[in-house]
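Subject: Structure handover

Hello,

Here is the structure I said I would pass on. Please open it first, then read the notes below with it on screen.

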Amino acid sequence: ILIPTPANKDEGSQSGLFISSQNSREEDVQYGGILSIVSYNIGKYIEWKPSEESVVTECMEPEWAMVNTTTCRGRTSSESTDNSLTRIYTVRIPIEDLKSLMIYDKKTRLALFHKDKKEHKFFFEFQNADCFLSALRSVVKLKRSQEDKHIYYVVDDTNALIDPFSELNLFHENHRDTVWRYFNNFKKSPYETTLSTFSKFTEYFSSIMPSNSSRQDGEDGYHVVMEKTRPCASQLPPRVIIPRGQPLTLSQWTNALDAEGRVVDEESVKKIVFEGGIIPSIRYEVWKFLLGYYPWKSTSSERHELRKNKVEDYFKMKLQWKSMSPEQEARFADFRDRKNLIEKDVNRTDRTLPYFSGERNPHLILLYDILMTYVMYNFDLGYVQGMSDLLSPILILMSNEVDAFWCFVGFMDKVYRNFDVDQSGMKKQLSQLHTLLTAVEPELAAYLDEHDSGNMFFCFRWLLVWFKREFVYNDIMTLWELLWTGLPCANFHLLICVAILDNEKKVLMESGYGFTEILKHINDLSLKMSMDDIIMKATAIYNQLKTSSNLTTSTKRVIGLVVSESGTHSTSSDDES
């Protein structure tokens with residue numbers, strides 16, 4: 001996702017990509033870095049910086065540009081470590097020197113071709129080269145090749161007169177020669193030339209119009225030659241806003257337990273939590289159930305024994321990385337990469353909160369230790385930027401290393417697909433979000449499609465860390481515990497997104513925002529929204545969808561609804577998440 005940073009004259013940045021070495025004898029040698037579009041006094045440039053020189057060290061927080069993992073071939077101890085990234089220099093390409101570009105290999109590769117026949121090639125590990133294309137379109141006009149859909153040409157202003165004719169593909173001859181011949185012929189014989197050219201247009205439009213687009217209306221014989229279809233307003237039932245309920249109290253929680261400490265009716269507890277949250281004094285206990293640390297049907301004595309085992313398991317895993325020698329670490333590239341990433345992220349996670357503020361804060365050490373132990377617990381997933389944000393509120397609440405770890409494990413079990421290396425989990429959720437938005441606000445969905453924003457990438461941050469950056473600390477705890485209930489459907493977090501977009505529809509459409517402006521506007525909403533209002537609207541939208549008879553199968557599937565034999569809606573247990 002491209003992050004506009006006008007204060008730094010940075011038009012957009014994108015991480016999680018590599019530049020190919022043009023001098024290396026090895027074809028697979030690539031250097032990780034960040035690709036940006038930057039404005040200088042002398043003009044605009046496409047700029048690639050190696051990771052060690054990137055804006056990660058500044059206050060731009062590029063981790064929100066895209067989930068970033070390290071997939072380069074790592075060095076072993078037998079290889080020289082002197083040739084580090086400090087010897088790989090920044091690459092700057094003047095946009096005015098750009099002739100064309102090509103996006104290929106399933107959006108993983110970008111080739112930039114210069115007017116002087118030089119070229120640069122980039123590899124996007126998350127298959128999102130099209131994001132860079134969207135940003136580039138905001139600073140230069142591009143035209144897609146008719147021969148090869150992967151190629152885009154930079155349009156010179158001198159060709160502005162010829163391009164509209166070329167786009168129609170009316171003539172078999174060279175477009176430039178044909179257009180200029182038209183003007184020369186027009187001077188000699190304007191009437192014949194005009195009729196001849198209009199016949200070309202008539203033939204073109206006749207070929208592209210649907211067969212039923214020309215029809216006779218009324219007795220007067222008038223014909224509708226071409227009618228543009230616009231998305232109609234949503235056909236959902238009226239939206240009813242229901243006020244939020246009261247949070248789960250100590251007495252309600254106590255009464256929910258039987259004599260041996262089992263939760264008698266977990267669904268009733270979840271319903272109360274969904275409707276009103278949990279009072280702060282009992283969150284420490286209830287969260288352990290919501291996050292799967294404690295089974296709902298476990299007795300008090302069983303939980304006591306379970307925790308003893310969990311403590312032992314935790315410190316065994318912690319010892320595994322704590323006891324690793326420098327020699328072992330030198331031969332373990334993946335471990336080193338994850339360790340370095342955790343060190344960087346811990347030092348910038350929620351430092352404005354009192355719990356993590358100040359130098360040499362012991363809580364930062366706990367945050368670091370838990371994340372490092374999670375690497376040993378789930379090495380296939382390891383650590384990806386954004387995970388520290390999910391752990392932070394849990395650690396603050398639990399104030400215990402072991403309890404925080406196992407609750408974090410439970411949270412990650414719910415959202416681990418957010419951190420897929422190929423981002424398939426995120427792409428699926430963004431697609432499902434577009435499906436829901438089309439059902440609830442078809443006009444807005446169509447507008448986003450028309451303005452290069454139908455991929456919903458501007459919502460990436462919301463989904464990645466479950467709105468962690470969008471609401472204040474106390475609100476995010478309430479929102480998370482609501483989402484952990486799984487009510488009223490597994491994808492309720494997508495309806496939270498729809499509710500926010502519903503609020504911003506008027507601003508986005510009336511302002512005529514494109515992708516870059518939409519992204520900036522969405523990011524600027526951070527800490528300015530009312531969580532209760534958003535939740536109430538999202539709940540009302542779900543009820544609208546649930547009672548509607550006009551839903552597509554895709555929409556029903558996203559919110560967990562299936563059609564029974566009687567034709568009524570029921571909640572599916574195999575929701576797509």
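In strand 9, Lys143 has Tyr153 as its bridge partner. Helices and strands here are DSSP runs (H or I of at least four residues for helices, E of at least two for strands), numbered from the N terminus. Two strands are said to pair if DSSP finds at least two bridges between them.

Before going further, note that this is a predicted model, in which local features need pLDDT of at least 70 and side-chain atom pairs count only at pLDDT 80 or more, while totals for chains, interfaces and linings use all residues. Residues are numbered from 1 along each chain as its sequence is written, and side-chain values use heavy atoms, with hydrogens and water left out.

Strand 8 (residues 142-144) and strand 9 run antiparallel and are joined by 3 bridges. They form a hairpin, with 6 residues between them. Strand 9 (residues 151-154) also runs antiparallel to strand 5 (residues 98-104), again through 3 bridges. There, Leu101 stands opposite Tyr152.

Is Tyr152 buried or exposed? At 6% relative accessibility, Tyr152 counts as buried. Buried means under 20% relative accessible area, exposed means over 50%, and partly exposed is in between (1.4 Å probe, protein chains only). Leaving out residues up to four places away in sequence, Tyr152 touches Ser100, Leu101, Leu133, Arg137, Lys143 and Arg144. A contact means heavy atoms within 4.5 Å. From Tyr152 to Lys141 the C-alpha distance is 9.8 Å, and the two are 11 residues apart in sequence.

Strand 5 has another antiparallel partner, strand 6 (109-114). 6 bridges join strand 5 to strand 6, and Ile103 has Leu110 as its bridge partner. Strand 6 in turn runs antiparallel to strand 7 (residues 119-124), with 5 bridges. Here Phe113 is the bridge partner of Glu119 in strand 7.

**Turns and backbone angles**

Most residues other than glycine have a negative phi, and most peptide bonds are trans. The following places are worth a look with that in mind.

- The hairpin of strand 5 and strand 6 has 4 residues between the strands, and Asp105 there takes a positive phi near 55 degrees.
- Lys107 lies in the loop between strand 5 and strand 6. Its phi is near 65 degrees, a positive value, and Lys107 is partly exposed, with a relative accessible area of 41%.
- Strand 6 and strand 7 form a hairpin with 4 residues between them, and Lys117 in the turn has a positive phi of about 75 degrees.
- Leu527 lies in the loop between helix 19 (515-524) and helix 20 (531-547). Phi of Leu527 is near 65 degrees, a positive value, and Leu527 is exposed, with a relative accessible area of 53%.
- A cis peptide bond joins Leu487 and Pro488, with omega about -10 degrees. Pro488 is in the loop between helix 17 and helix 18 (492-510).

How do helix 12 (residues 387-398) and helix 17 (residues 473-484) cross, and at what angle? Their axes come within 11 Å and cross at roughly 100 degrees. The axes are lines fitted to C-alpha atoms over the stretch in contact, and angles run from 0 to 180 degrees between N-to-C directions. Helix 12 and helix 17 are therefore roughly perpendicular to each other. That label covers 65 to 115 degrees; under 35 counts as roughly parallel, over 145 as roughly antiparallel, and the rest as oblique.

In this contact, Asp389, Leu390, Pro393, Ile396 and Leu397 in helix 12 meet Tyr473, Met477 and Trp480 in helix 17. The residues divide into 7 nonpolar, no polar and 1 charged. Ala, Val, Leu, Ile, Met, Phe, Trp, Tyr, Cys and Pro count as nonpolar, Asp, Glu, Lys and Arg as charged, and the others, Gly among them, as polar.

The buried residues of helix 7 (residues 280-290) include Ile282, Arg283, Val286 and Trp287. The buried residues of helix 7 pack against several helices, among them helix 12 and helix 17. Gly292, which follows helix 7, has a positive phi near 75 degrees.

**The whole chain**

The protein chain has 21 helices and 13 strands. Of its 577 residues, 47% are buried.

Regards
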